[in-house]
Amino acid sequence: VQLQASGGGLVQAGGSLRLSCATSGFSTYTMGWFRQAPGKEREFVAAITWSGTSTFYADSVKGRFTISRDNAKKMVYLQMNSLKPEDAAVYYCAAAYGSRYKSPNDYRQWGRGTLVTVSS
């Protein structure tokens, strides 16, 4: 089973990006997005249950980011709008062990990250 994140890039502040994560073998798991900026700890961004009916967000991204999934395509997405310079980081998708989702320790499998750069 593998996770592969993509979609990162350079965007101006106020712009948008959509990250994608291919989730081969993880369609029944809660999936999450985390990010890690240089010199900082990996932090929770958003999570979505396997059915897609429940979503969770960090306060810092609430109202700007939207997590979604398409289990038929085995994909998870993170739509990021109104990007700010402080959103710049390497973004990772991950598959959770169970229903807990806020800590990196709640996740069993991580994909390689994708870099998001936001210019001011």
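**Exercise 1.** Determine whether Cys93 is buried or exposed.

*Solution.* The relative accessible area of Cys93 is 1%. Buried means under 20% relative accessible area, exposed over 50%, and partly exposed in between, with a 1.4 Å probe and protein chains only. Cys93 is therefore buried. The model is predicted, so local features need pLDDT of at least 70 and side-chain atom pairs pLDDT 80 or more, while totals for chains, interfaces and linings use all residues. Residues are numbered from 1 along each chain as its sequence is written, and side-chain values use heavy atoms, without hydrogens and water.

**Exercise 2.** Identify the disulfide partner of Cys93 and describe the bond.

*Solution.* A disulfide is a pair of cysteine sulfur atoms within 2.5 Å. The sulfur atoms of Cys21 and Cys93 are 2.1 Å apart, and the two residues form a disulfide. The count by this rule is one. The torsion about the S-S bond is about 65°, so this disulfide is right-handed. Cys21 belongs to strand S3 (residues 17-22) and Cys93 to strand S9 (residues 89-96), so the pair ties together parts 72 residues apart in sequence. Strands are DSSP runs of E with at least two residues, numbered from the N terminus. Cys21 is also buried, at a relative accessible area of 0%.

**Exercise 3.** Describe the faces of strand S7 and its pairing with strand S8.

*Solution.* In a regular strand, side chains alternate between the two faces of the sheet. In S7 (residues 65-70), Phe65, Ile67 and Arg69 form the covered face, and Thr66, Ser68 and Asp70 the uncovered one. Two strands pair if DSSP finds at least two bridges between them. S7 and S8 (residues 75-80) run antiparallel and are joined by six bridges. Ile67 stands opposite Leu78 in S8.

Note on methods: Helix = DSSP H or I, 4+ residues; strand = E, 2+ residues; numbered from the N terminus.
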